[in-house]
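Me: I'm new to this one. Could you walk me through how to read it?

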Amino acid sequence: MPLGGVSRWYLGAALVHLALAGSLVLLDGETAVLTVRWDALVWLLLVGFVGCTTAGLSLHLFPGLARRPMSHGPGPVLAFGTAEASVVVGTVGFYAGRSPPGLPGTATIAGLLLLVSVGLVLFLFVSSLTHPRVAGPGPEVRPGDAVTVPLFLTSWGAAVVAGALFVLSGWAVGPGLGWWLAAVHLFVLGHATVLVASVSLRLVPRSVDSDAPRPVAVGLGILATLGGALVPVGMLVLPSSESPFLALWAVPEAGFAVLFAVLLVHLGVRARTPHPQLGLQLSSALLLLLGGGVGLWMVSQSNYDLVVAHALVNVLGFIGLMILVMWFGMIAPFQRISHAWTRRMLWILSAAWLAGVVALAAAGAAVPVVPGDASAIGGGLLLGVALAWGVGTLPVLFPRIHPLPGMTVEQIRAVRERWSRR
């Protein structure tokens with residue numbers, strides 16, 4: 001299925017935002033995005049990279065998953081426009097540290113724009129369900145398919161609620177640990193993680209030709225939904241003095257992370273079709289366990305020194321690596337050189353991505369795990385991956401672009417012939 005115009009805009013913008021985030025981290029000594037301007041980096045990565053990617057891929061995938069056509073009209077364009085405005089307002093506002101004169105707080109304005117954007121996307125999905133199913137034979141039904149569409153809608157419903165919480169965070173700190181932290185965790189766990197579960201249950205069994213048992217698929221969906229909801233609710237319900245009890249509210253999310261990793265191992269062991277990329281998805285799930293474990297330790301000890309490392313491992317390690325693998329599986333960057341080049345670049349960029357996550361986690365934890373300036377190393381790797389990723393992706397998203405920026409057709413043919421002999 002070719003990517004529609006708005007999906008391409010979302011995905012292209014996501015890579016631009018990722019490159020900007022890498023640049024800011026690379027220059028952390030001057031930008032201070034890992035310390036005093038941390039909120040700006042969180043917004044840029046969460047809404048700019050993760051949010052734009054989930055929107056672009058969701059608009060591309062949902063008609064096929066639901067087997068219903070999407071409504072036509074200005075909705076998708078308006079959703080993209082408000083999403084991009086939210087990224088700009090939030091990043092610039094949080095970085096500057098002040099609100100525009102005479103207007104509400106940055107979080108309120110950016111949150112309102114985000115709320116409109118994700119609300120429009122959810123409306124498009126719900127309205128498409130009112131259309132009759134597409135006639136004709138569809139793909140073979142597998143056990144995990146039963147929960148993919150409900151999880152899809154749950155994910156985007158969580159994004160709408162997260163947008164509302166971001167709006168509230170601009171007016172008041174809020175109860176418990178505050179509206180802001182609850183919104184961030186709802187967007188990560190309730191939106192992005194639930195969407196990962198939905199897409200994984202649909203696509204991974206087909207890629208390895210091995211099925212998840214139906215009770216496991218249903219259980220995974222329930223745990224993902226409960227975990228995504230209970231953690232932010234616990235943050236609001238519990239007073240800050242009782243934050244150690246938040247670990248109890250996180251039990252379903254921990255159960256999801258364990259079951260997800262076990263399911264990936266099960267599918268890999270029983271695979272009829274070899275799929276080495278499954279190892280990267282398993283690495284992503286293990287990073288969720290690591291990041292979640294750090295979060296549980298922080299609340300149990302009421303010690304939040306590792307909050308930056310915790311956030312980066314979850315957002316870049318788990319969500320980011322999963323996005324990278326799924327992106328290469330669905331869009332095949334570098335395919336205008338060759339599919340072999342796409343496979344090689346997936347492993348090269350994944351290795352660089354993981355190295356960058358380690359460096360950034362070390363920088364966030366102030367632990368000398370890597371030699372030199374960890375933030376500069378991590379930011380440089382993040383920027384390098386974003387640029388290479390974009391060079392391979394943009395010609396695929398926008399075919400009118402030269403087959404590969406900076407290279408002639410003859411040079412690309414020479415590269416293809418050189419790599420075909422290796």
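Me: How many cavities of 30 Å³ or more does the count come to?
Reply: First, the idea: on a 1 Å grid over the protein atoms alone, a cavity is a set of points where a 1.4 Å probe fits but cannot get out, and lining residues have an atom within 4 Å of a point. Grid points are joined across faces, edges and corners, and a volume is the space filled by probe spheres set on the points. Here, the count by this rule is three cavities of 30 Å³ or more. The largest cavity holds about 130 Å³ of space. It is lined by 14 residues, and those closest to its centre are Thr54, Leu57, Leu195, Ile323 and Met326.

Me: Before we go on, what kind of model is this?
Reply: It's a predicted model, where local features need pLDDT of at least 70, side-chain atom pairs count only at pLDDT 80 or more, and totals for chains, interfaces and linings use all residues. Residues are numbered from 1 along each chain as its sequence is written, and side-chain values use heavy atoms, with hydrogens and water left out.

Me: Which elements give two or more residues to the lining of the largest cavity?
Reply: Helices (H or I, at least four residues) and strands (E, at least two) are DSSP runs, numbered from the N terminus. For the largest cavity, the elements giving two or more lining residues are α3, α7 (179–208) and α12 (307–331). The whole protein chain has 15 helices and zero strands.

Me: How do the residues of that lining divide by class?
Reply: Ala, Val, Leu, Ile, Met, Phe, Trp, Tyr, Cys and Pro count as nonpolar, Asp, Glu, Lys and Arg as charged, and the others, Gly among them, as polar. The lining of the largest cavity has 11 nonpolar, three polar and no charged residues.

Me: How much space lies in the second largest cavity?
Reply: About 80 Å³. Of its 14 lining residues, Gly51, Ala83, Leu114, Ser117 and Val118 are closest to the centre. At least two lining residues each come from α3, α5 (106–128) and α7, with α3 giving the largest share, five residues.

Me: Is Arg67 buried or exposed?
Reply: Buried means under 20% relative accessible area, exposed over 50%, and partly exposed in between (1.4 Å probe, protein chains only). Arg67 has a relative accessible area of 16%, so it is buried. Arg67 sits in the loop between α3 (38–66) and α4 (75–96). Across the protein chain, 52% of the 422 residues count as buried.

Key. On a 1 Å grid over the protein atoms alone, a cavity is a set of points where a 1.4 Å probe fits but cannot get out, and a pocket is an open set with protein on both sides within 12 Å along at least five of seven lines; lining residues have an atom within 4 Å of a point.
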